[in-house]
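Please look over the sequence and the model shown here. The paragraphs that follow go from the pockets to the overall fold.

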Amino acid sequence: MDGLILVLTALAGCLMPVQPAVNAVTAHLMSSPYLASFFSFLTGTLVLGLLCLSLRLPWPDGKIMMSLPWWAWTAGPMGAFFVTMTIVAVPRLGAMSVMALLIAGQMGISLVLDHFGWLGIPAQPISMWRILGAILLFTGVVLIRKF
């Protein structure tokens with residue numbers, strides 16, 4: 001099962017630069033990055049809804065929904081911000097620059113999340129090797145943007 005997860009995760013990574021490009025074309029045709037982002041979430045919601053129905057997943061009751069921590073409700077808006085920013089950025093910066101900037105941002109916040117063990121992530125203290133890796137990644141972002 002871990003092998004399948006590794007392959008599917010790599011596939012998801014391959015789709016990361018493709019999705020903003022598709023969404024950027026949609027934004028151009030719709031004349032709005034916000035409408036394109038909405039369309040992206042709408043179609044994604046429909047696909048996930050159909051998947052949940054086909055798997056016959058029980059819908060959580062209101063008590064469970066109300067017991068979610070406040071920050072659980074921020075995932076959707078974060079996703080909307082992410083998708084909309086990639087729609088705006090890819091046509092201006094190119095897929096490689098956007099992906100490099102996204103990965104650099106992911107690495108930076110991941111260091112903090114891991115170090116403090118926030119949001120249920122097992123704590124992994126910041127080490128010199130982790131800092132060096134982040135510095136190398138940020139250097140790569142600079143090189144990609146400059147050359």
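Which residues line the largest pocket? They are A12, L15, M16, V18, Q19, V22, N23, T26, A36, F39 and S40. A pocket here is an open set of points on a 1 Å grid over the protein atoms alone, with protein on both sides within 12 Å along at least five of seven lines, and a lining residue has an atom within 4 Å of a point. Two elements give two or more residues to this lining, helix 1 (2-30) and helix 2 (33-54). Helix 1 has the largest share, with eight residues.

This is a predicted model, in which local features need pLDDT of at least 70 and side-chain atom pairs count only at pLDDT 80 or more, while totals for chains, interfaces and linings use all residues. Residues are numbered from 1 along each chain as its sequence is written, and side-chain values use heavy atoms, with hydrogens and water left out.

The space in the largest pocket comes to about 270 Å³, a volume being the space filled by probe spheres set on grid points that are joined across faces, edges and corners. Its lining has seven nonpolar residues, four polar and no charged ones. In this scheme Ala, Val, Leu, Ile, Met, Phe, Trp, Tyr, Cys and Pro are nonpolar, Asp, Glu, Lys and Arg are charged, and the others, Gly among them, are polar.

The second largest pocket has a volume of about 180 Å³. Its lining consists of Q19, S40, F41, G44, T45, L48 and V83. Helix 2 contributes the most here, with five residues. By class, three of the lining residues are nonpolar, four are polar and none is charged.

The protein as a whole has six helices and zero strands, where helices (H or I, at least four residues) and strands (E, at least two) are DSSP runs numbered from the N terminus. The C-alpha trace spans about 50 × 45 × 35 Å along its principal axes. Of the 147 residues, 18% count as buried, that is, under 20% relative accessible area with a 1.4 Å probe and protein chains only. Among contacts (heavy atoms within 4.5 Å) with a separation of 6 or more, 57% join residues 24 or more positions apart.

Confidence is given by pLDDT, on a scale from 0 to 100 for each residue. The protein averages 92, and 99% of the residues score at least 70. Among the elements, helix 2 has the highest mean pLDDT (97) and helix 6 (residues 128-146) the lowest (86).

Notes: On a 1 Å grid over the protein atoms alone, a cavity is a set of points where a 1.4 Å probe fits but cannot get out, and a pocket is an open set with protein on both sides within 12 Å along at least five of seven lines; lining residues have an atom within 4 Å of a point. pLDDT is the predictor's confidence in each residue, from 0 to 100. Buried means under 20% relative accessible area, exposed over 50%, partly exposed in between (1.4 Å probe, protein chains only).
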